[in-house]
Amino acid sequence: MSYAHPQQGYPTAAPPYHGYHASAYNPYYGDPYHTAASYNQADDAASSCFRCFCIIMFLLVIFTLLASIFMFAVVRPDTPAFKVESFSVSNFNLVQGSKVVSGKWEASIYVDNPSYRMKLDIDRWETSLYHKDNFLAMGSVMHSMNLDSRAKGTMHMKMETYNTTASSAVEDMEKEQKEGGNVSFNLRLTLSYDMKASGFWYNHYSNYRSGTLRVKCSDLKVPLPAGSNTGSVPGGSSKTCDTSDGF
């Protein structure tokens, strides 16, 4: 039998081990395709958020516009209406020689607030009495009158004068007494007011409109024949007043 001869020298060295490329195990070197896809998803998410924000802002603008149109069309202030319900005079006296007039006047004025969901607050009002354009008497300054939406109320006022010189007015009133017995008076009011909106849009009343109203109640004819010192406008003959803003 023959035996294998022992190998002479050292065995041949194994080929060197090269290991893995850095991109195969280093987390900072990711898959290029996966990295690009991640960036695209992030961009899509940001774009979606921006679109949602724009849509929400657009809807808010539309809602605000529609609410403003609704408030203008429905909840808007209408000018209050005034009407003389009663008007009387007592202690009326004319002195032809000295051209003076005396008397006491009382009036009740019906006030109507026609506005929908608008509250009317009258802070104060001043009353003055004229015969044509000749001043006769001034009423006391009255304060505070409140009317809710589409509510009605009554204002009471008194005026008085004693021996007031009114040369032209005395002559004209004496002439009216002699011709028909009806003496004509003009009532004027100046009012400071606020109109405030209310409803489910508000937690409380909020200012909407304010200013001054000028009210003229003209040609209030009182039966005052010569020698009479008392008279009143006949019942049922109410007189509508003219209303304007400012002075």
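This is a predicted model: local features need pLDDT of at least 70, side-chain atom pairs count only at pLDDT 80 or more; totals for chains, interfaces and linings use all residues.
1. Residues are numbered from 1 along each chain as its sequence is written, and side-chain values use heavy atoms, with hydrogens and water left out.

2. The partner of cysteine 217 is cysteine 241: the two form a disulfide with their sulfur atoms 2.0 Å apart, where the criterion is a pair of cysteine sulfur atoms within 2.5 Å. The structure holds one disulfide. Its S-S torsion, between cysteine 217 and cysteine 241, is about 100°, so the disulfide is right-handed. The pair links distant parts of the chain, 24 residues apart: cysteine 217 sits in strand β8 (residues 206-223), and cysteine 241 in the loop between β10 (239-240) and β11 (242-245). Helices (H or I, at least four residues) and strands (E, at least two) are DSSP runs, numbered from the N terminus. Cysteine 241 also counts as buried, at 7% relative accessibility.

3. What about cysteine 49? Cysteine 49 is in no disulfide, and the nearest cysteine sulfur, in cysteine 52, is 6.5 Å away. With a relative accessible area of 56%, cysteine 49 is exposed. For cysteine 54, the closest cysteine sulfur is that of cysteine 52 at 9.4 Å, too far for a bond. Cysteine 54 is partly exposed, at 34% relative accessible area.

4. Now to the aromatic side chains: the structure holds five aromatic pairs. Rings of Phe, Tyr and Trp (its six-membered ring) pair if their centres lie within 6.5 Å; planes under 30 degrees apart count as stacked, over 60 as edge-to-face and the rest as tilted. Phenylalanine 87 and phenylalanine 185 have ring centres 6.1 Å apart and planes at 50°, so this pair is tilted. Phenylalanine 87 belongs to strand β1 (residues 81-95) and phenylalanine 185 to strand β7 (residues 182-197), so the pair ties together parts 98 residues apart in sequence.

5. Phenylalanine 185 also pairs with phenylalanine 92: their ring centres are 6.3 Å apart and their planes at 90°, so the pair is edge-to-face. This pair, too, runs from strand β1 to strand β7, so it ties together parts that are 93 residues apart in sequence. Phenylalanine 92 counts as buried at 4% relative accessibility, and phenylalanine 185 is buried at 0%. Ring pairs link Phe87, Phe92, Trp105 and Phe185 into a cluster.

6. Arginine 188 lies over the face of tyrosine 130, at 4.1 Å from the ring centre. The test asks for NZ of Lys or CZ of Arg within 6 Å of the ring centre and within 35 degrees of the ring normal.

7. Finally, aspartate 148 deserves a look in the viewer. Aspartate 148 lies in the loop between β5 (142-147) and β6 (152-165) and counts as partly exposed, at 45% relative accessibility. Aspartate 148 and aspartate 121 are 27 residues apart in sequence and 8.6 Å apart in space, C-alpha to C-alpha.

Terms used:
Buried means under 20% relative accessible area, exposed over 50%, partly exposed in between (1.4 Å probe, protein chains only).
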